[in-house]
Amino acid sequence: MPNNATQPAETSAERSLVVGHWPHLRARDSIPRIMWSVVAALVPALVASGYFFGIRAYLHVGLAVATAVATEAIIQRLRKVPVTVGDGSAVVTGVLVAFCLPAQARWFVPIIAAFVAIAIAKHCFGGLGCNIWNPALVGRAFVHIAYPTDLNPSSWPVLKGGHFLADLGTVTGGLPEGVHAVTGASPMAHFKAIATAHGDAATVLSGKLPGLWDMFLGRIGGSLGETSALLLLLGALYLIYKGWVRWQVPLAYLATVAAGAGAFALWKADLGADLADRFVAYHLLGGGLALGALFMATDMVTSPLTNKGLWIFGFGCGALTILIRLYGGYPEAVCYSILLMNTAVPLIDRWTQPRFFGHKK
Amino acid sequence: MGRITFPGGVHPPSTKWTADKAIEALPLPPRLVVPMAQNLGAPPKPVVKKGDAVKRGQKIGEADGFISASVHAPTSGKVAGLESVVDAATGRACEAVAIEPDGLDAWADGTNEPRDWLGLSADEIREAVAEAGIVGMGGATFPTHVKLAPPRGKTIDTILINGAECEPYLTCDHRLMLERAAEIVVGMRICMAATGASRGVVAIEDNKPDAIASMEAAVRPADAARVRVVRTKYPQGAEKQLILALLGREVPTGGLPGDVGVIVQNVGTAAAIADALVRRRPLTERVLTVSGDAARRPGNYLARLGTPIGALLAQADVAEEFEQLILGGPMMGKAQFTTDLYVTKGTTGLLAFRRAAIYDHGPCIRCGACVRHCPSYLNPSRLSVLGEAFLDGDLDAIDAAMDCGLMDCILCGACAYVCPAHRRIVHLVETLRAERRKALARERERERAAAAKLKAEAEKVAQ
């Protein structure tokens with residue numbers, strides 16, 4: 001500061017002015033605001049999971065969230081960086097990882113899944129914003145391989161509303177009391193049968209499958225949060241309205257799956273128009289696609305930055321999902337499709353960088 | 001009409017509290033301190049010394065080279081001495097001429113008399129503008145006579161008068177369009193005459209309907225000009241964005257508006273040009289907005305160059321206990337560390353806030369908001385990450401940032417405004433640019449040294 005003998009210098013020396021770089025105005029959005037809004041958007045589906053699957057659903061979510069938050073806090077302590085569990089991002093991961101697990105998974109499965117999600121998928125890569133893969137999906141993929149029977153049980157619970165308080169004592173066991181189990185494969189496994197020509201399409205589609213309306217509302221077996229397409233859609237619409245979920249991803253994703261399933265039904269499996277409709281509808285409502293397309297693929301950190309990139313990303317997720325479902329080794333394709341496309345995100349960003357202002361293409 | 005705009009941009013709250021406050025002439029302060037550094041480029045050299053008597057409009061600082069602008073005495077009186085003051089734009093020390101007014105406010109000989117500018121040639125107009133010390137008064141302070149000299153081989157067809165005033169709080173251009181519309185139109189016509197441009201366009205954001213009406217009334221059919229309404233959006237007033245919105249022309253990278261046949265002048269500059277040409281009045285005063293939540297009597301003030309900031313704060317009844325002082329608007333204005341500052345040609349506004357806006361910055365969560373709002377179509381997220389990498393010691397980050405359009409950033413801060421992690425994107429971009437300049441300088445130095453060594457060896461061999 002130059003030495004100045006004029007009067008104001010003396011008075012201003014008393015005052016301490018705060019200096020920062022422009023812009024001095026900021027919009028009201030913040031990371032905690034976004035993350036807690038995502039949590040809020042998941043609450044309807046969370047409440048419904050208790051209704052559909054009993055109190056074990058809440059227990060799973062509670063264990064996963066507690067593990068995610070505790071793991072994040074401990075790792076941030078160890079890394080000697082500020083502890084930021086209050087920003088809600090670990091809570092989002094905890095809820096999402098629990099949503100990927102069925103109610104009858106054993107109690108330690110959500111704990112392990114949440115730990116892997118936060119410790120390995122998130123913090124090994126540098127923490128919030130630095131991870132390549134969606135942490136919740138990495139957690140799910142880990143337990144899917146480690147405990148396959150917990151993730152794909154031979155029986156699925158069905159709705160028995162009003163009983164969800166009755167099964168507190170059975171949390172360590174298998175299926176809670178008062179909840180009926182239906183034995184059999186998931187809808188997706190049925191479609192696999194069609195794809196591999198092991199089943200007769202007409203019987204499969206008219207047989208043991210739950211009704212489409214039940215699937216839309218969530219009255220089917222499956223993981224906690226992946227059953228009610230309706231409530232997930234409600235939450236996602238709120239986030240799309242706020243601008244924190246980019247609509248391009250779910251739209252491209254779902255449209256690609258619908259187009260792929262439709263094309264397969266009409267030309268490969270020769271199902272005819274009315275059966276093809278049902279085939280497409282089951283593909284859209286089943287197998288956790290709603291959760292994946294609306295909440296997993298739209299994760300900001302692991303999806304592209306550019307609008308064009310978001311379309312490509314959504315399309316890629318859809319194409320991989322339908323390929324894995326129809327031709328792959330096992331039916332639950334959403335998780336791995338998104339993880340594979342996460343891997344491609346840096347490349348997509350590079351390819352879709354728009355022309356800079358004033359540059360020729 | 002009002003939907004014309006550019007891609008990207010943001011909508012900060014306008015907070016233009018002073019839009020209906022008429023321009024008020026600030027009483028002549030007891031002492032004026034006129035900084036020499038008031039223009040982009042080389043600051044002028046003082047040509048008066050302590051004890052000299054000066055009159056209003058008399059040159060006290062001579063332009064130093066072509067990209068420089070003379071400075072004139074803002075009133076009549078005695079030179080109290082040469083001082084060193086803080087240049088508010090850069091925070092560095094600069095020379096200043098202190099003047100004690102004699103209260104007569106007498107104009108110097110040859111100034112403040114009518115002139116028929118219509119008979120002047122383009123060169124004569126440019127010379128008169130240079131003599132009057134006019135610079136871009138929207139805040140950029142680029143010498144206007146340089147702007148009015150189109151590069152060789154370039155034809156200028158349009159003069160764009162910029163009345164967008166997209167910064168929140170600021171209303172000085174708005175008031176000028178209401179109160180000095182006729183002078184603005186004359187200034188535009190002078191610019192057209194100086195450059196051979198065949199048409200004029202006055203651009204105003206659609207949040208100022210009274211200014212639009214005022215300017216439309218002032219433009220006569222013979223002026224070959226029209227008022228065009230642009231959408232209220234920041235940074236609508238940025239030159240390149242305004243040209244794209246109105247004319248669909250994109251200034252090439254590294255280029256100037258002249259490269260696409262356009263010259264943009266701020267409304268305050270246009271009025272100053274009219275004053276200089278029609279009334280032979282050099283630039284000695286300007287209108288600025290004093291606002292912010294600490295100002296109990298915010299308003300638009302006509303202040304002489306060299307007016308102490310304190311006099312304006314007192315006039316606007318600014319509360320004693322304010323934490324932040326910004327010269328300019330809140331989006332691109334500079335936060336000051338001292339109130340010991342003086343009004344210059346580029347002072348568009350003075351904002352005092354009771355509480356400083358301090359934001360903790362976090363990691364980028366790749367939400368993409370910056371990418372969607374960048375008016376230069378850059379990836380600000382990437383640039384900020386590269387900036388941090390550089391600060392962590394990754395020297396290659398500068399080259400990587402160059403490939404990411406480092407030099408195409410207009411520093412408008414739209415990215416940082418929308419960033420939910422409150423990242424210091426503009427700061428990091430500026431850091432990278434400064435480091436690149438340093439690297440280039442080092443490179444040139446090395447080349448010079450190598451060339452000198454080679455030459456010396458060649459001479460040795462020759463002997």
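Predicted model: local features only at pLDDT ≥ 70, side-chain atom pairs only at ≥ 80, totals over all residues.
**View 1. Helix H5 of chain B and its buried face.** Let's start with a helix that runs over residues 209-218 of chain B. Its buried residues are B:Ala211, B:Ile212, B:Ser214, B:Met215 and B:Ala218. Looking down the axis of H5(B), you will find these buried residues within an arc of 165°, so they line one face of the helix. B:Pro209, B:Asp210 and B:Ala217, on the other side of H5(B), are exposed.

**View 2**

**View 3. An open sheet of 4 strands in chain B.** Follow the strands in the order S2-S8-S7-S4, and you will see antiparallel pairing. Strand S2 (32-35) and strand S4 (53-54) of chain B stand at the edges; each has a single partner strand, so one side of each is left without a neighbour in the sheet. Strand S7 (residues 77-86) and strand S8 (residues 93-101) of chain B pair over 9 bridges in the antiparallel sense. To find your way along this pair, look for B:Gly77, whose bridge partner in S8(B) is B:Pro101.

**View 4. Domain 1 and domain 2 of chain B.** The domain assignment of chain B places domain 1 at 110-278 and domain 2 at 369-443. Taken over C-alpha atoms, the centres of these two domains of chain B are separated by 31 Å. Where the domains meet, 7 residues of domain 1 of chain B are in contact with 6 residues of domain 2 of chain B. The side of domain 1 that touches domain 2 in chain B has 3 nonpolar, 3 polar and 1 charged residues.

**View 5. The contact between chain B and chain A.** Chain B brings 59 residues to this contact, and chain A brings 37 residues. On the side of chain B that touches chain A, at least two residues each come from S7, strand S15 (324-327), strand S16 (334-335), helix H12 (414-418) and helix H13 (425-462) of chain B. By class, the residues of the side of chain B that touches chain A are 32 nonpolar, 18 polar and 9 charged.

Definitions and conventions
Residues numbered from 1 in each chain as written. Chains lettered and ligands numbered in written order. Buried ≥ 20, exposed ≤ 12 C-beta atoms within 10 Å, placed from the backbone. Arc of directions from axis to C-beta. Pairing = 2+ DSSP bridges. Domains from an automatic or database assignment. Contact = placed C-beta atoms within 7 Å. Nonpolar A, V, L, I, M, F, W, Y, C, P; charged D, E, K, R; others polar.
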